[in-house]
Amino acid sequence: MSEYNQDKLIQDVVKAFSGTPDARLRELMTALVKHVHAFAREVDLRPEEWQAGLKFLTATGQISTDTRPEFVLLSDTLGLSMMVVALQQARASGTPQGALPPTEATVEGPFYWAGAPDLELGADIAEGVPGEPALYMGRVTDLDGKPLAGALLDIWSGDGDGLYDVQLSDEPTMKARGRFRTDNEGRYWFWSIRPTFYPVPFDGPVGEMMRACGRNINRPGHIHMQVSAPGHVKLTTHIFVAGSPYIDEDAVFGKRDSLVVDFEAHPPGRAVDGREMETPYHSASFDFRLVPEPA
Ligand SMILES: [Fe+2]
């Protein structure tokens with residue numbers, strides 16, 4: 001096909017979408033077509049490469065389940081998830097003059113599971129889970145530093161071996177997950193384990209892609225949370241463990257410096273929340289600042 005006909009082809013495809021009633025869908029599809037065609041032309045895409053790509057996407061779909069969302073992993077490892085997070089946070093920023101910067105968001109990842117148990121402040125979400133105990137504490141505030149009472153923290157974590165509950169069996173039960181509400185001073189505290197680095201699931205097509213490209217497959221140690229309060233934009237983020245292996249080469253590009261926290265080591269004894277610890281433990285302090293919802 002001549003250069004001219006290649007251009008005509010793209011124009012024809014774009015035109016075929018021009019009648020899309022929903023303006024945003026029209027914009028998305030038109031831009032997608034243009035970029036996909038531009039990609040094919042830039043790399044001079046061969047039929048066997050195109051076939052391999054389709055086979056890869058098919059395999060990505062075939063391995064996917066509710067607890068193994070391979071397309072999320074694909075999006076994460078291509079950095080697209082993080083780009084969407086960054087765009088969303090930029091859209092929602094508009095931080096008022098003099099206000100504190102909001103807590104940065106990062107990827108949700110593939111392991112969120114709605115419906116974690118509601119627990120009392122100070123509870124341990126990691127009962128029976130391998131790993132070194134850690135006390136998490138801090139406050140949830142608005143951008144003026146005013147405490148948000150009753151803010152909800154929905155927490156999920158891998159265990160000390162780097163595995164999430166959903167990876168432990170085909171019919172998993174919830175582990176290392178819990179929901180907490182801040183007290184009247186916006187404070188939260190709970191126990192879990194100090195998370196360790198872990199590889200993203202690498203036994204599927206995304207893992208194959210990562211190996212073929214010589215990519216690091218590991219994420220640095222982190223614990224996940226969604227933090228929400230009435231009148232504020234829900235925040236999906238992590239706390240990262242300072243000094244964790246892979247802290248500067250997160251396989252999904254989710255690490256942000258402002259989310260890296262020193263985990264203080266403590267000998268056995270009475271923790272600040274009154275819990276008597278018979279083993280050494282860690283503590284991590286982190287305050288979350290939420291953005292007000294647009295008026
Ligand atoms: Fe994670």
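**Overall architecture and two local features**

Of the 295 residues of the protein, 30% count as buried. The model is predicted. Its C-alpha trace spans about 75 × 45 × 35 Å along the principal axes. Six helices and 14 strands make up the secondary structure assigned to the protein. Among contacts with a separation of 6 or more, 70% join residues 24 or more positions apart.

The protein is divided into two parts: domain 1 covers 3-45, and domain 2 covers 70-289. Their centres, taken over C-alpha atoms, are separated by 39 Å.

Helix H2 comprises residues 23-43. At 1.5 Å a residue, its 21 residues should span 30 Å. The C-alpha atoms at its ends are 31 Å apart, which agrees with that expectation. The number of buried residues among the 21 of H2 is zero, so the helix lies largely in the open. Just after H2 comes Asp44, which takes a positive phi of about 50°.

Strand S4 (residues 187-193) contains Ser192. Ser192 counts as buried because it has 26 C-beta neighbours inside 10 Å, and the cut-off for burial is 20 or more. Neighbours within four places in sequence aside, Ser192 is in contact with Asp124, Ile125, Ala126, Ala134, Tyr136, Ser157, Ala176 and Ile223. Ile155 lies 37 residues from Ser192 in sequence. In space, the C-alpha atoms of Ser192 and Ile155 are 9.8 Å apart.

How values were computed. Residues numbered from 1 in each chain as written. Predicted model: local features only at pLDDT ≥ 70, side-chain atom pairs only at ≥ 80, totals over all residues. Helix = DSSP H or I, 4+ residues; strand = E, 2+ residues; numbered from the N terminus. Expected span 1.5 Å × (residues − 1). Buried ≥ 20, exposed ≤ 12 C-beta atoms within 10 Å, placed from the backbone. Contact = placed C-beta atoms within 7 Å. Domains from an automatic or database assignment.
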